[in-house]
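I hope they are handy when you open the coordinates.

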Amino acid sequence: MGEKVVAGPFDLSDRQRYREKLRSCLTGLERLLAEKRFDRPKNLMGLEIELNLAGADGMPKMLNAQVLERIASRDFQTELAMFNLEVNIAPHRLGGRVFDRLDEELRTSLAYADRKAGEVDAGIVMIGILPTLDRDDLVSSNLSDVDRYALLNEQIVAARGEDFTLDIDGVERLSCTSKSIAPEAACTSVQLHLQVTPERFAGVWNAAQAVAAAQIAVGANSPFLFGRELWRESRPPLFQQSTDTRPPELQAQGVRPRTWFGERWVTSAFDLFEENLRYYPALLPICDDEDPLEVLDAGGIPSLAELVLHNGTVYRWNRPVYGIADGVPHLRVENRVLPAGPTVTDVIANAAFYYGVVRALAEDSRPVWSRLPFEAAAANFDAACKDGIDARLTWPRRGRYGGTGEVDAVTLVRDELLPLAEAGLDAWGIEPADRDRYLGVIEERCRRRVNGATWQAATFHRALDSGLGREAALAATTRRYRELTEQGEPVHTWPVGLPDPVPTG
């Protein structure tokens with residue numbers, strides 16, 4: 001959501017002009033692909049993490065402007081609400097000890113940000129959904145003071161034409177309404193970028209879609225919203241419902257949501273950008289002065305500004321990205337599946353697992369997407385969000401007879417996907433010490449059936465059993481979570497429950 005946008009009224013001609021510009025951009029992208037103008041392979045990856053601000057009591061703090069002023073680094077930016085920040089790590093080449101380097105960079109950046117937040121009695125919490133958020137925290141008056149967010153909220157509300165309905169039926173049920181997109185700000189995630197050549201894009205995107213459920217199963221970290229225990233990873237249904245421009249009638253007609261998993265395997269990045277134009281009306285019909293086809297005719301590289309902006313308002317869990325670096329265009333797959341946290345080690349382990357398994361699956365001689373129906377991959381994603389590490393998933397059977405079968409997520413990850421991830425990291429040239437350390441974290445989560453969501457839920461129930469009320473138990477769980485995050489040991493090692501009170505006297 002970080003694009004710079006200046007708010008202003010739209011008239012009746014703006015959307016038509018924007019649609020025409022989008023078609024020109026799509027034609028420009030098609031020409032760039034046909035003319036093979038894209039960057040050569042560079043094995044570049046990037047990482048973004050959305051963060052929460054909370055006080056010592058575990059409650060959210062609406063102070064991102066003050067904290068960012070103190071941090072004073074371009075690596076940190078605003079996010080949707082005043083209790084959100086985002087940290088961006090510069091691109092790294094996959095290979096060697098890259099994961100250890102990322103680990104060190106992240107620890108240094110987050111420790112610095114936390115110190116600066118402490119100057120206004122706040123702290124950084126890296127978690128999928130802050131358990132102490134209340135409905136009164138997620139209102140339009142708490143959106144960050146940025147034109148883009150105000151304009152996006154205004155346009156999505158206008159497109160929907162009525163209140164947003166949040167209805168998530170999990171361990172407990174949440175049913176409420178919102179007058180704005182502010183509840184989406186509760187969702188804080190990790191975004192993993194991988195620069196790919198056009199020839200490799202479809203294989204990487206399809207592989208990322210296929211393993212999204214496994215990523216969620218081992219990495220779930222968002223079991224609570226508005227005081228209710230919902231899905232093990234409640235971000236996806238919350239994100240979809242809080243940005244849903246469709247009233248019930250359009251949902252019944254099969255109109256696609258703006259936040260979605262997708263509906264088919266692809267053969268090119270072009271497929272996804274073309275779908276964006278075909279299915280989604282513009283939310284921010286802001287036109288650039290550039291004529292992309294004239295730029296191409298003159299031998300230049302167009303920014304495709306309208307295509308990029310429109311793509312930023314379609315919230316795929318694996319999103320195509322068009323960018324330009326040093327005057328050369330490139331494509332990236334942006335993986336948006338994972339929640340933030342619990343620790344830096346956990347984040348890097350999730351990243352190592354993703355980059356390894358996607359590389360191996362994308363280069364498989366019998367691609368998983370040729371053996372797994374897309375509908376099964378989408379159903380797997382929902383199952384993993386609901387049940388986390390206890391999910392059961394559909395996956396292609398090994399052996400000559402083929403077909404698919406149901407398998408426990410832990411068994412799938414341990415027996416099939418972790419060996420693939422190991423081979424994929426070897427193919428990237430990752431040092432064995434890095435590979436084994438971070439994939440070992442995923443293996444231990446599977447062995448113990450523990451991730452951030454299971455720890456949060458177990459600790460919350462232990463707090464309830466000790467006599468705390470729900471709100472106090474959620475606040476205590478959040479405070480304990482932050483303490484353990486700062487200690488830095490991965491979540492599978494965390495003791496469940498609250499520490500015993502220190503006796504006085």
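1. A word on terms to begin: helices (H or I, at least four residues) and strands (E, at least two) are DSSP runs, numbered from the N terminus. This is a predicted model, in which local features need pLDDT of at least 70 and side-chain atom pairs count only at pLDDT 80 or more, while totals for chains, interfaces and linings use all residues. Residues are numbered from 1 along each chain as its sequence is written, and side-chain values use heavy atoms, with hydrogens and water left out.

2. On to the pockets and cavities. On a 1 Å grid over the protein atoms alone, a cavity is a set of points where a 1.4 Å probe fits but cannot get out, and a pocket is an open set with protein on both sides within 12 Å along at least five of seven lines; lining residues have an atom within 4 Å of a point. Grid points are joined across faces, edges and corners, and a volume is the space filled by probe spheres set on the points.

3. The second largest pocket has a volume of about 310 Å³. Its lining has 17 residues, and those closest to its centre are Q240, T259, W260, F261 and D382. Helix 6 (235-242), strand 10 (259-260) and helix 12 (374-387) each supply at least two residues of that lining. By class, the lining holds nine nonpolar, four polar and four charged residues (Ala, Val, Leu, Ile, Met, Phe, Trp, Tyr, Cys and Pro count as nonpolar, Asp, Glu, Lys and Arg as charged, and the others, Gly among them, as polar).

4. How many cavities of 30 Å³ or more are there? The count comes to one. About 60 Å³ of space lies in the largest cavity, and its lining consists of R40, P41, K42, N43, Q195, V196, T197, R200 and W428. That lining divides into three nonpolar, three polar and three charged residues.

5. Two residues of the cavity lining, R200 and W428, turn up again around R359, in helix 11 (residues 344-362). R359 touches R200, G424, A427 and W428, not counting residues up to four places away in sequence (contact means heavy atoms within 4.5 Å). R359 is buried, with a relative accessible area of 14%; buried means under 20%, exposed over 50%, partly exposed in between (1.4 Å probe, protein chains only). The side chains of R359 and E363 are joined by a polar contact of 2.7 Å, that is, a pair of N or O atoms within 3.5 Å; within protein, one must be able to donate a hydrogen and the other to accept it, and residues adjacent in sequence count only if both atoms are side-chain atoms.

6. V347 also sits in helix 11 and is buried, at a relative accessible area of 2%. Leaving out residues up to four places away in sequence, V347 touches L47, I49, L106, M126, V190 and G341. The C-alpha atoms of V347 and D103 are 8.7 Å apart, although 244 residues separate them along the chain.

7. Strand 5 (residues 164-169) and strand 6 run antiparallel, joined by six bridges (two strands pair if DSSP finds at least two bridges between them). They form a hairpin with three residues between them, and I168 has L174 as its bridge partner.
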